[in-house]
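Here's a quick tour for anyone meeting this structure for the first time. Have a look at the sequence and the model, then read on.

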Amino acid sequence: MTKLLIIALAVVVVGAVAYVTVHADDRQTMPSVGQAAPTFTLPSQDGSQISLDSFRGKWVVLYFYPRT
């Protein structure tokens, strides 16, 4: 019974550490409210590359779908 409890506790600890490690990266890359968006380049719907820098000085609405 003691071995089973130790194994279950180890699984919970490993899972918690993995969860915190994965979600810690999310917190580091999320900009704060009012902070300028980081520079990035992504493919458009027609496959051409679009960079946020090309819109500097213009009004831009960025919308990102929630991560699942």
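## A serine in a strand

Let's start with Ser-51, which sits in strand β2. Keep in mind that this is a predicted model.

Who does Ser-51 touch, once its neighbours within four places in sequence are left aside? The answer is Phe-40 and Thr-41. With Thr-41 there's also a polar contact, in which the two side chains are joined at 3.5 Å.

## The second largest pocket

Strand β2 turns up again here. Both β1 (41–43) and β2 (49–51) contribute at least two residues each to the lining of the second largest pocket. That pocket has a volume of about 250 Å³.

In total, 13 residues line the second largest pocket. Nearest its centre you'll find Phe-40, Leu-42, Ile-50, Phe-55 and Leu-62.

## One salt bridge

For charged side chains, look at Arg-56 and Asp-53, which meet in a salt bridge. The N to O distance is 2.9 Å, and the structure holds one such bridge. As a general point, side chains of opposite charge can pair when their charged atoms come close.

Are the two partners buried or exposed? Arg-56 counts as exposed because its relative accessible area is 64%, over the 50% cut-off. Asp-53, at 37%, is partly exposed.

Terms used
Residues are numbered from 1 along each chain as its sequence is written. This is a predicted model: local features need pLDDT of at least 70, side-chain atom pairs count only at pLDDT 80 or more; totals for chains, interfaces and linings use all residues. Side-chain values use heavy atoms; hydrogens and water are left out. A salt bridge is a side-chain nitrogen of Lys or Arg within 4 Å of a carboxyl oxygen of Asp or Glu. Buried means under 20% relative accessible area, exposed over 50%, partly exposed in between (1.4 Å probe, protein chains only). On a 1 Å grid over the protein atoms alone, a cavity is a set of points where a 1.4 Å probe fits but cannot get out, and a pocket is an open set with protein on both sides within 12 Å along at least five of seven lines; lining residues have an atom within 4 Å of a point. Grid points are joined across faces, edges and corners, and a volume is the space filled by probe spheres set on the points. Helices (H or I, at least four residues) and strands (E, at least two) are DSSP runs, numbered from the N terminus. A polar contact is a pair of N or O atoms within 3.5 Å; within protein, one must be able to donate a hydrogen and the other to accept it, and residues adjacent in sequence count only if both atoms are side-chain atoms. Contact means heavy atoms within 4.5 Å.
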